[in-house]
Each structure stands twice: as structure tokens, then as C-alpha cells.
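Okay, thanks for making time, everyone. I'd like to walk you through one model, so let me put it up on the screen.

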Amino acid sequence: MSTDSPSTHHPPADVLYSSTSLLMTKANDLFVEILESAVEPFGLRSKDFIVLTAIDALGPQSQQDLARTHGIDRTTMVSVVDGLERLGLVQRARNPDDRRKYAIGLTPKGQTLVRHNLSPAILEALDTFLSPFTPDERALFTSLLWRLVHARDTTP
């Protein structure tokens with residue numbers, strides 16, 4: 001008979017890592033589901049939202065840069081940009097630094113949608129996603145995510 005109580009027993013590292021991976025995947029799936037619901041009334045998908053907000057934040061960019069920066073494969077990115085262009089939200093313009101490339105920029109309609117319509121919907125979606133957390137836990141969660149993504153030692 002084991003003398004370990006449930007509070008002192010720790011799962012083996014491989015189980016812990018597997019659980020962490022599963023939980024991160026499930027959390028991402030939940031967030032994407034909530035995000036999809038938030039942008040659907042605007043005729044958009046989550047990848048559309050990612051591209052629109054990236055362009056709004058950083059200015060016109062090439063499809064290749066958008067794909068690479070946001071982990072969207074190139075074929076999917078072409079489809080996303082084509083769809084956003086059909087909706088009148090983005091436009092392709094020749095890149096002044098390299099005339100062989102196009103820069104994808106927001107149209108005035110795209111700017112209005114991102115800045116005035118989508119922002120409140122996304123804040124509500126984020127509030128829904130983070131609803132189990134207290135305000136202090138939300139701040140800590142965001143801080144930890146930031147560190148996970150941005151504070152990496154890139155030396156081998």
C-alpha cells in the first residue's frame with residue numbers, strides 16, 4: 001500500500017508533458033471556436049481576422065510575409081487574401097521596393113471594419129475565453145503567454 005497522498009503524488013514527467021500538450025491544444029481549439037463565432041457575423045473566419053489585424057498593426061505586407069509570420073501555409077494565404085479582396089477589405093498594390101511583389105493593404109472599408117466593428121467583438125470573445133480567470137489571473141496568464149512566445153533564448 002502506498003503512503004503517498006493524492007496531494008503529494010506527482011505524475012511521471014512524460015504524463016505531465018503529454019497532459020500539458022493536450023491542454024494547450026484544447027485551449028487553442030476552444031479559443032479558435034470562440035474567435036470563429038465572433039467573426040462569423042462579419043462574414044469572416046479566424047484566419048481572415050488574423051490577416052486583417054496584422055495588416056492593420058504593421059501596415060501593408062506581402063502574402064509571403066503574412067504567411068510566414070502567422071504560420072499560415074502559402075496556398076491558404078492566397079485563398080484568404082483573395083476572399084478578403086472580394087469583400088473589399090484588402091487591396092493588392094505593387095511593392096515600391098520590389099515591383100515583382102505585391103503588398104497587401106487594408107482598404108478604407110477594411111480599416112473601418114477592423115477598428116470599429118471587429119475590435120469590440122474580439123474583446124468580447126477574449127472575455128468569454130478568459131471568463132474562468134480573475135482579473136489578476138488574466139494578467140498573469142497574458143504575461144506568461146508573452147514570455148513563452150517572446151522571451152526565448154534563441155542560441156542553440
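Going from the N terminus, the order of elements in the chain is α-α-α-α-β-β-α-α. That comes to six helices and two strands, where helices (H or I, at least four residues) and strands (E, at least two) are DSSP runs numbered from the N terminus. Quick housekeeping: this is a predicted model, so local features need pLDDT of at least 70 and side-chain atom pairs count only at pLDDT 80 or more, while totals for chains, interfaces and linings use all residues. Residues are numbered from 1 along each chain as its sequence is written, and side-chain values use heavy atoms, with hydrogens and water left out.

How much of the chain counts as buried? Of the 156 residues, 27% do. Buried here means under 20% relative accessible area, exposed is over 50%, and partly exposed is in between, with a 1.4 Å probe and protein chains only.

Let's do helix packing next. Take helix α2, residues 46-58, and helix α5, residues 108-129: their axes come within 11 Å and cross at roughly 125 degrees. That makes α2 oblique to α5. For the labels, under 35 degrees is roughly parallel, over 145 roughly antiparallel, 65 to 115 roughly perpendicular, and the rest oblique. The axes are lines fitted to C-alpha atoms, for helices over the stretch in contact, and angles run from 0 to 180 degrees between N-to-C directions. The crossing of α2 past α5 is left-handed, as in the near helix being turned anticlockwise from the far one by less than a right angle; clockwise would be right-handed.

While we're on α5, E124 sits in that helix. E124 is exposed, at 57% relative accessible area.

Now the charges. How many salt bridges does a search of the whole structure find? Six, counting a side-chain nitrogen of Lys or Arg within 4 Å of a carboxyl oxygen of Asp or Glu.

One of them is R45 with D48, with the closest N and O atoms 3.1 Å apart. D48 is buried, at 4% relative accessible area, whereas R45 counts as partly exposed at 40%.

Then there's D65 with R68, where the closest N and O are 2.3 Å apart. Both sit in helix α3, residues 63-70, three residues apart, so about one turn of the helix. R68 is exposed at 59% relative accessible area, and D65 is partly exposed at 31%.

Next up, D82 and R92 make a salt bridge, closest N and O 2.7 Å apart. D82 is in helix α4, residues 74-86, and R92 is in strand β1, residues 90-95, so the pair ties together parts that are 10 residues apart in sequence. Both partners are partly exposed: D82 has 27% relative accessible area, and R92 has 25%. E85 joins in too, as D82, E85 and R92 are linked in a network of salt bridges.

Last stop, the surface. Which residues form a nonpolar patch there? L145, L148 and V149 do, with about 260 Å² of accessible area together. Those areas are Shrake-Rupley with a 1.4 Å probe, and for residues only the protein chains shown count as cover. Patch residues have over 30% relative accessible area and no salt bridge; like charges are joined within 9 Å, nonpolar side chains (Val, Leu, Ile, Met, Phe, Trp, Tyr) within 5 Å. L145 lies in helix α6, residues 135-150, and counts as partly exposed at 38% relative accessibility.
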